[in-house]
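Thank you all for coming; I would like to walk you slowly through one structure this morning. Please keep the sequence and the picture in view while I talk.

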Amino acid sequence: METSVLSERPAPTVAALSVRDLNVHYADKHALQSVSLDIPKGKVTSFIGPSGCGKSTLLRSLNRLNDRIPGARIDGRVEFHGQNIYDRKTDLLALRRKIGMVFQKANPFPMSIFDNVALGPKMHYGTKGKDLDQIVEEALVHAALWDEVKDDYRRKSGLALSGGQQQRLCIARMLAVRPEVILMDEPCSALDPISTAKIEELVVALAGEHTLVVVTHNLPQAERISDFTAFFMFGELVEHGSSSVVFANPSQKSTQDYVTGRFG
Amino acid sequence: MATLGSIPLPTEAELGRRDRGRLSASRRRLALLVLLGLGTSLGILGLIGLIVVKGLPAINWEFLSSPPVEGMTAGGIWPMLRGSLLLMLGTLAFVLPVGILSGVFLAEYAGHSRFANLIRSCNLALAGTPSIIYGLFGLAVFVLLLKMGTSLLAGWLTVSLFALPMVVLTTDNSIRQVPGSMADAGLALGLSRWQTIWKIVLPNALPGILSGVVLMTGRAAGEAPPILFTAGIYYSTAKLTYDVDMIHKPVANLPYHLAEGYRQGGVIPEKIIWGTCLTLMLMVLLINLGAILVRSRMRWKQAS
């Protein structure tokens, strides 16, 4: 397991995702204004900022889930493996297979725990039989849910789990498709402290092999789990850097005010 | 000026009078509601009770399974029961796929475009159209124009058209009630739009859709006007057959039997009419019961 040991000056990193001059307009709102940043590969990056600052918009732009919102206009580039994901020829299904997402409110499908996790691999890879069993078990183990559900995961509905378990089921469901990048949109905001701690441990454990981007309102959490932090305000990226710097020694006054709790 | 309490409150005695007045008004209104509720329930129970009391003595296996004899004045109602069951099954087979797919199209693909809302308004208007209009439409188009004649086929199509708008609306509603987070989860997992609809959204909405479909089919099966000119037949001594050819022949059925039986005044003994009445009611009741069971079983399976 890799822990986020941070040095004052992080080693040079490779970018998993590069955002370049990204603008998002909703019907009458300029939600993201010329945002450019690199998401370092194998690291945890947190997006923080007051409500409505554009951090969730940016997150949902990274797997093109914003395409679904009527009236949303997006321009700029998001490079993934050297390709702009907003290119016309982008294979959306492949993109979302490689960039998984966990939502604020756990949203398991109304089917058994097994079926929840098996759906992705079945649809993407046509996996079945023993291989499928293996993939489902591995995903549940990696999401730290296996021990709690191994006795009845084939029969029990995903909806019958507790809130924290449901969120870990959603993580398992995503892991089963083997994404490279994991996007999390306030994954703990509806959870109790113990469930939150479990998700945080998971985030740290998944880093290295995966690149993680976590939107959070919980500043101590961002400081605990992330290697890098980006601070947004009014749709603009105010500051982006190693978490230790952003939290302890930010270069912008507004970042300082926000992380010390003067507003937000 | 703006201090709290600058306007004096009524005295305690005055407040006490007001409170008693509010309480007694509340009790009077509650009593009225209870009375209305009891009245309605008693009315419905009375209606059902009357049919059960009058109809039950007529019903036995013999009555349900044998044809009428002696010029409809005696015997059972099997041909009518068979006709109603056939009409219902055929309607279900047509309405289930067409209605559900139309509803999926409306909710998932047409969304809230002007076109989709026009279709919704049309469906709403059609759902409120008296069933006799469907009967006449069926006569004009299926029976005469398309030369199907008075037949089971023409009846299926007419009853299906009658049931369709309600099924489309129910499906559309049930699907739009599925939280958007479900579709988000499917798409974010990399499922295609169709896979997301088929594997996630539709199963979520299915309990609601199915109960809507079955309730509507049950209702349609009890309607006389749609089959009056398209499929119904009152008196027939022809042998009942069960082959492909039967869809070109008219069928006797329960609502038509009731309507004609009553109109012919006195030919059919009252006992048989009450028995037919109860049979029709039980048939619809059983269908609704089935729908409720299927729905609760599905909900239970999805959530536990």
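This is a predicted model: local features need pLDDT of at least 70, side-chain atom pairs count only at pLDDT 80 or more; totals for chains, interfaces and linings use all residues.

How many residues lie between strand 1 of chain A and strand 2 of chain A in the hairpin that they form? There are two residues between them. Residues are numbered from 1 along each chain as its sequence is written, and chains are lettered from A and ligands numbered from 1 in the order in which they are written.

Two loop residues of chain A deserve a look. Most residues other than glycine have a negative phi. Arg64(A), however, has a positive phi near 60°, and its place is in the loop between helix 1 (55-62) and strand 4 (73-80) of chain A. Phe234(A), also not a glycine, has a positive phi of about 50° and lies in the loop between strand 9 (228-233) and strand 10 (236-242) of chain A. Arg64(A) is partly exposed because 19 other C-beta atoms lie within 10 Å, and Phe234(A) is partly exposed because it has 14; the scale calls a residue buried at 20 or more such atoms within 10 Å, exposed at 12 or fewer, and partly exposed in between, with C-beta atoms placed from the backbone.

Now to the meeting of the chains. In all, 22 residues of chain A are in contact with 18 residues of chain B, contact meaning that the C-beta atoms, placed from the backbone, lie within 7 Å. On the chain A side, helix 2, helix 3 (113-125) and helix 6 (163-175) each give two or more residues, and helix 3 gives the most, with four. By class, that side has 13 nonpolar, five polar and four charged residues, where Ala, Val, Leu, Ile, Met, Phe, Trp, Tyr, Cys and Pro count as nonpolar, Asp, Glu, Lys and Arg as charged, and the others, Gly among them, as polar.

Helix 7 (residues 180-188) of chain B has as its buried residues Ala183(B), Ala185(B), Gly186(B), Leu187(B) and Ala188(B). What covers these residues includes helix 2 (92-98) and strand 6 (99-102) of chain A, together with helix 8 (193-221) of chain B. After helix 7 of chain B comes Gly190(B), with a positive phi near 90°.

Finally, helix 8 of chain B packs with helix 11 (residues 270-303) of chain B at an angle of about 175°, their axes 9 Å apart; axes are lines fitted to C-alpha atoms over the stretch in contact, and angles run from 0 to 180 degrees between N-to-C directions. The two helices are therefore roughly antiparallel, a term for angles over 145 degrees, with under 35 roughly parallel, 65 to 115 roughly perpendicular and the rest oblique. The residues of this contact divide into 12 nonpolar, five polar and two charged.

Notes. Two residues are in contact if their C-beta atoms, placed from the backbone, lie within 7 Å. Two strands pair if DSSP finds at least two bridges between them.
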